[in-house]
Amino acid sequence: MTAAIEVRQAARAYRVGQTEVAALRGVSLTVRRGDHLAVVGPSGSGKSTLLQLLGGLDRPTAGSVVIDGHDTVTVGEAELARIRNRVIGFVFQGFHLQPRTSALDNVALPLVYRGVRRAERRRRAAEMLARVGLAARAGHLPGQLSGGEQQRVAIARALVTGPAVLLADEPTGNLDSAAGRHLLDLLEQLNTEHGVALAIVTHDHEVAARARRQIVMRDGRIVSDTDTDTATDTDTITDSGVCS
Amino acid sequence: MRIGEAARVAVGALVAARLRTGLTVLGVMIGVSSVMVLIAIGDGTRREVAGRVDELGSNLLLVVPGKVEIGMPTISRMQLSDVEAVARVVGDPTRVAASVASGELVQAGPVKTFTTVAGVLENNRTVLVRDIARGAYLSRADVDSARRVAVLGATVARVLYGGTDPVGRQITVAGVRFRVAGVFAPLGQSLGVDRDDEVHIPLTTAQRLFATTRVDGLAVRATDPAGMAALGDRIVAELGERHPDSAFSVVTQDQILSVLGDILDVLTGVLGATAGISLLVSGVGVSNIMLVSIRERTREIGLRKAVGARPSDIAAQFLTEAVLLTSVGGVLGIALGVAATVAVERFTPLPTLLTGWSIALSFGVAAGVGIIFGVLPALRAARLDPVPALRTE
Ligand SMILES: Nc1ncnc2c1ncn2[C@@H]1O[C@H](COP(=O)(O)OP(=O)(O)O)[C@@H](O)[C@H]1O
Ligand SMILES: [Mg+2]
């Protein structure tokens, strides 16, 4: 399988006053099409920072991140935005739904930046909402939805553009396990049926265990990257994503 | 992002912040309407002045003592004999009008009014084109015999006699008794001056009444507009010969018009600039409101960028919002400006003229204010980094 995202010796340092805080200290990682990986590690180990680099929301201060063949260090802002729109679907920790906008229009938002006409946007958004089981809630505002429903809206929004990679930062963190399991079922279905690569940052052992590949981070570094199915370091295998 | 989508988002955001939107729109409205009213007054005055010149025709020369360029009024050394000398230069005494004027108390029975009393020749009515509503104008004999007859301006007639006909009645001018020979047809106001507030009496009578031999100025109706400059030069030369130590000037209606036009331009400019300052202040208000709006919606901007909005999409969205804000203010300001202009026309002596051009300009300026004062906030929004933007509360 081809690489969707290629991370090479990526570092990310934040300037805080006079000092530099190193959030990532040289990380290399390949996300392949159809991958299903979980990123675990203690708080502050750099999981969110890594996910932001993978999604082109942020750029490394050293090393490189190549998304779908585009080096995020060298492309312009507009091009990076286009890459985020076409290749990546993001599920944020706090969902970030727009409070004054219906579930349907929240889901349709990414299509605005793809130049899709309004009627077509709404059609595709409705289809996506139906896929996550929220057809009946399309006209509701986020505030009128439960936490689990809000999360499904966020996932529908991430998937509406048909991305190659879905990135989720602790998506089940604040949900009861029944809703979380249902959600994972949905994501895994997309992964196996449509080959959408999943990269999920999680604290939840159950969520991590369901991924085919576990990446453990500590102190800005990847300390292990294992494939559950073969129990081998992914560095040595080339075809982990399509095992069935 | 399509402009329709940007407009939809902008409307939503502006409606969500109603109070703020309302106040900003109000500021733009006031700026736009004041610019409009002042332009309307300037245009109205200009039209009135042009109308006055049309009335008098363009072949009128005014002869005044002193140098016009200096602009200071000069006491005239001209006398009746100078009027006759100018008439010889012109070749036709009926074309040369002369006058001496003074402010005097005029009384009819118990009613008094203070007005401009002008001593004139009988040809004044034809040279300066005045219509008589009642009775007759002064005659050659009135001037020759220095009779105590008067022709009243419409305002003076109304003040002294109300609705009744004053012709044949007695008035006193500076305490001396006069008979009313006629009443002028009303002229109305010009540049805020009531042109019907005057009384004409024979020049000879006036010189006696004011105890002077002076003539203040001459008006010459030329036959040939093309030869006016040459005629003016000959008149000035003749008067210069007769009064070697005095200066005289000849001005045409066109020159007066152009000087008045220049003054009006400056005045309109100053007033317009003053109104423009209020527009500028409203523009700063727009900037401010946009910055507040952007700070409040930082997370929304971060999200839009995360799902694929380019910096130009974000800039376009906020610029659309700013322009929409000022355009709404512009449209409402035009409505307010039209209403205010109608009120000025009705309740003040100031003339007004609304033109499509000034309405278009007002709207254009409002939209322009939105662009100019919206650009900086829009660019700031466009440059926001998505990760920190998403993290803000
Ligand atoms: N914007 C920032 N400014 C300064 N330090 C930051 C910033 N974002 C993250 N960090 C620091 O980088 C490290 C990694 O953060 P993060 O990637 O959020 O970790 P995790 O998601 O694993 O908890 C932490 O020490 C955190 O304090
Ligand atoms: Mg985190």
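Is L19(B) buried or exposed in this structure? The legends below describe a predicted model, and the first of them takes up this residue.

View 1. L19(B) belongs to helix α2 of chain B, which covers residues 18-56. Its relative accessibility is 66%, and because exposed means over 50%, L19(B) counts as exposed.

**View 2. The shell of residues around ligand 1.** From chain A, the surrounding residues include Y14(A), V16(A), A23(A) and P42(A). Also among them are S43(A), G44(A), S45(A), G46(A), K47(A), S48(A) and T49(A). Chain B contributes R391(B) to these surroundings. The site is shared between chains, because residues from chains A and B surround ligand 1. By class, the shell consists of four nonpolar, six polar and two charged residues.

**View 3. Secondary-structure elements of chain A at ligand 1.** Strand β1 (3-16) and helix α1 (47-54) of chain A each provide at least two residues of the shell. The most is given by α1(A), which supplies three residues.

**View 4. Polar contacts of ligand 1 with chain A.** A polar backbone atom of S45(A) is 3.3 Å from an oxygen atom of ligand 1. For K47(A), a polar backbone atom is 2.9 Å from an oxygen atom of the ligand. T49(A) takes part through its side chain, with a polar atom 2.5 Å from an oxygen atom of ligand 1. Taken alone, ligand 1 exposes 560 Å², of which the protein buries 68%.

How values were computed
Residues numbered from 1 in each chain as written. Chains lettered and ligands numbered in written order. Predicted model: local features only at pLDDT ≥ 70, side-chain atom pairs only at ≥ 80, totals over all residues. Heavy atoms only, no water. Near = heavy atom within 4 Å. Polar contact = N/O pair within 3.5 Å; in protein donor to acceptor, adjacent residues only side chain to side chain. Areas by Shrake-Rupley, 256 points an atom, 1.4 Å probe, with all protein chains shown as cover. Helix = DSSP H or I, 4+ residues; strand = E, 2+ residues; numbered from the N terminus. Nonpolar A, V, L, I, M, F, W, Y, C, P; charged D, E, K, R; others polar. Buried < 20%, exposed > 50% of the residue type's maximum accessible area, 1.4 Å probe, protein only.
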